[in-house]
Amino acid sequence: MWIALAGAVGTLARYGLSGLVGRSVGTTFPWGTVAVNLIGCLAFGLVWGLLESRISVSGQVRMMIFVGFFGAFTTFSTFAFETVRLLEDGQWFFAAGNILLQTVVGLLAVIAGMAIGKWIG
């Protein structure tokens with residue numbers, strides 16, 4: 001229940017920030033999404049760092065924050081964090097694979113899904 005509540009807050013924060021940025025600078029480029037993803041990555045790292053070094057919280061609270069809020073606010077922050085962790089562990093091959101798989105194959109999956117949707121519809 002707490003993860004779902006944190007997810008609802010993250011979703012509303014994403015919607016609000018993206019809309020605010022879009023209204024402020026226009027929508028010819030997806031600046032709202034860029035803002036959400038970059039702020040989400042910074043905030044994810046900041047909160048993670050604080051929880052690792054200064055603040056002790058339970059695993060359930062961590063799940064609520066990172067899976068609930070950040071998972072709904074931006075999954076790009078999780079992707080970036082997991083890639084950084086692979087790099088920190090010296091797993092260069094897996095880090096590169098994660099980047100390529102999620103970006104290139106992700107784009108191809110969207111293209112395929114759109115084509116299938118048009119074909120079915």
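A salt bridge is a side-chain nitrogen of Lys or Arg within 4 Å of a carboxyl oxygen of Asp or Glu. Searching the whole structure turns up two salt bridges. This tour visits both of them.

Before you click, note that this is a predicted model, where local features need pLDDT of at least 70, side-chain atom pairs count only at pLDDT 80 or more, and totals for chains, interfaces and linings use all residues. Residues are numbered from 1 along each chain as its sequence is written, and side-chain values use heavy atoms, with hydrogens and water left out.

**Stop 1: arginine 62 and glutamate 52**

Select arginine 62 and glutamate 52. They form a salt bridge, with 3.2 Å between the closest N and O atoms. This pair links distant parts of the chain: arginine 62 sits in helix α3 (residues 59–73) and glutamate 52 in helix α2, ten residues apart. Helices here are DSSP runs of H or I with at least four residues, numbered from the N terminus. Arginine 62 counts as buried because its relative accessibility is 19%. Glutamate 52 is partly exposed, at 49%. The cut-offs are under 20% relative accessible area for buried, over 50% for exposed, and in between for partly exposed (1.4 Å probe, protein chains only).

**Stop 2: arginine 85 and glutamate 88**

Now select arginine 85 and glutamate 88. Their side chains meet in a salt bridge, 3.9 Å from N to O. The two are three residues apart in helix α4, so about one helical turn separates them. Glutamate 88 is exposed, at 57% relative accessibility. Arginine 85 is partly exposed, at 35%.

**Stop 3: helices α2 and α4**

Show helix α2 (residues 31–53) and helix α4 (residues 75–88). They pack at an angle of about 55°, and their axes are 8 Å apart. That angle makes α2 oblique to α4. Axes are lines fitted to C-alpha atoms, for helices over the stretch in contact, and angles run from 0 to 180 degrees between N-to-C directions. Oblique is what remains after roughly parallel (under 35 degrees), roughly antiparallel (over 145) and roughly perpendicular (65 to 115).

**Stop 4: serine 77**

Select serine 77, which is in helix α4. Is serine 77 buried or exposed? Serine 77 counts as buried, at 1% relative accessibility.

**Stop 5: leucine 100**

Finally, select leucine 100 in helix α5 (residues 92–120). Leucine 100 is exposed, with 52% relative accessibility.
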